[in-house]
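Hello,

Here is the structure I promised to pass on to you. Please open it alongside this message, and my notes follow below.

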Amino acid sequence: MRTFPANRAVVLKNIRCVYCGEMLSGLNRTKDHVIGRRFVPKGKFNAQFNLIVNACRACNNKKADLEDDIAAITLAPDVTGRHSHDDLPAIEEARRRAENSISRRTRKPISQSRETVNLNGSLGPGINLKIAFTSPPQIELPRAFELARLQLMAFFYLQTYKTESQVGGYWLHGYHPVQMVRWEDWGNAVMRQLMTEINDWDFRFHCITADGFFKAMTRKHPTAETWVWALEWNRSHRLIGFFGERDPAQAIVDKCRMTRPVTIFEQPNQSLHYRVETPLSGDDDTLFDWTEKVAT
């Protein structure tokens, strides 16, 4: 695994866009911070790693649009006002971001984008049930996985970058997202099973930066052209998936079974199920833990 400086940004002089492969000209060349400077709380990149690349204007604009509301949502607290950390400046910035960023899902400020679902049902003759659920602001899943794809492409480009030719590589085959979960559910059955299945895969990229507000890793399958990837955004959301050959990834995903939901009621055109979120203790959290792998 190549190593990069932990206390400063790495700047590539690539002549092709890291995201789409377009040859870059003077008019179409822009600088892109792969981990957006405003994607994490202010000041978190002081003397810490980031990656700066050249990208075409269209890809850079697309990525910036994805980062805006996703950053604000991942910094936001849950519906009870709890954060996954006690960093007071980051908590204050989360409040400001929630006022100024617009959710692409609700078209309202993040601070006004909590979502409520009202359910009416029956538990039996004469027993009616009315329940209202409120969730924190939600990220549209396709947008989250698209931003993850772009970040991962840039990290893969960095790993394969040749200074002499000023170009890097792009992974072959497909991109296979699996799951995005909030911090309250990092210990769910799928996440735990995946951590177990990939424990012996070799790290190919490992990054913890911005005072822990951004994490990324990739590991390679022992025998196949398949990589597992994981990202953690602002200590609140984790995303995990694969890229490369699909079959080895699918074999692992097929072993993962989410805990069955509990059924409250189920009728034609009406039903109510729930699944208890499962937190993850520090001792069990091996997703980004590479110390033992390096020691061996």
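How many of the 20 residues of H3 are buried? Sixteen would be the word for it: 16 of the 20, which leaves H3 mostly covered. Before going further, please keep in mind that this is a predicted model.

Setting aside residues up to four places away in sequence, Trp-233 touches Phe-39, Ile-70, Thr-74, Ala-144, Leu-147, Ala-148, Gln-151, Phe-213, Phe-214 and Leu-239.

**Aromatic rings**

Counting rings whose centres lie within 6.5 Å, I get 13 aromatic pairs. One of them joins Phe-156 and Phe-243, with 5.7 Å from centre to centre and 85 degrees between the planes. That pair is edge-to-face because its angle is over 60 degrees. It links distant parts of the chain: Phe-156 belongs to helix H3 (residues 141–160) and Phe-243 to strand E10 (residues 237–244), 87 residues apart.

Another pair is formed by Tyr-157 and Tyr-161, with centres 6.3 Å apart and planes at 35 degrees, which makes it tilted. Tyr-157 and Tyr-161 are both buried.

Ring pairs also build a cluster out of Phe-156, Trp-171, Tyr-175, Trp-227, Trp-229 and Phe-243. Tyr-175 is placed in strand E6 (residues 174–182). Leaving out residues up to four places away in sequence, Tyr-175 touches Phe-145, Ala-148, Arg-149, Leu-152, Trp-229, Phe-242 and Phe-243. Its C-alpha atom is 8.8 Å from that of Glu-245, although Tyr-175 and Glu-245 are 70 residues apart along the chain.

**Charges**

Two charged residues sit over rings, in case you are thinking about how to treat such contacts. Lys-220 lies over the face of Trp-227, at 5.4 Å from the ring centre. The charged end of Arg-238 is over the ring of Trp-186, 3.9 Å from its centre.

Arg-182 is another one to look at. Arg-182 lies in strand E6 and is buried, with a relative accessible area of 14%. Beyond its neighbours within four places in sequence, Arg-182 is in contact with Ala-76, Pro-77, Asp-78, Pro-136, Ser-236 and His-237.

**Backbone and cysteines**

Most residues other than glycine have a negative phi. Arg-107 has a positive one, near 65 degrees, and lies in the loop between helix H2 (88–100) and strand E4 (115–124). Asn-234 also has a positive phi, of about 50 degrees, and is found in the loop between strand E9 (226–233) and E10. Which of the two is buried and which is exposed? Arg-107 is exposed, with a relative accessible area of 62%, whereas Asn-234 counts as buried at 0% relative accessibility.

Lastly, the structure holds zero disulfides. For Cys-59, the nearest cysteine sulfur is that of Cys-56, 3.5 Å away. A disulfide needs the sulfur atoms within 2.5 Å, so Cys-59 is in none. Cys-59 is buried at a relative accessible area of 14%, and Cys-256 also counts as buried, at 9% relative accessibility.

Happy to talk any of this through.

Best wishes

Notes: Residues are numbered from 1 along each chain as its sequence is written. This is a predicted model: local features need pLDDT of at least 70, side-chain atom pairs count only at pLDDT 80 or more; totals for chains, interfaces and linings use all residues. Side-chain values use heavy atoms; hydrogens and water are left out. Rings of Phe, Tyr and Trp (its six-membered ring) pair if their centres lie within 6.5 Å; planes under 30 degrees apart count as stacked, over 60 as edge-to-face and the rest as tilted. Helices (H or I, at least four residues) and strands (E, at least two) are DSSP runs, numbered from the N terminus. Buried means under 20% relative accessible area, exposed over 50%, partly exposed in between (1.4 Å probe, protein chains only). A charge sits over a ring if NZ of Lys or CZ of Arg is within 6 Å of the ring centre and within 35 degrees of the ring normal. Contact means heavy atoms within 4.5 Å.
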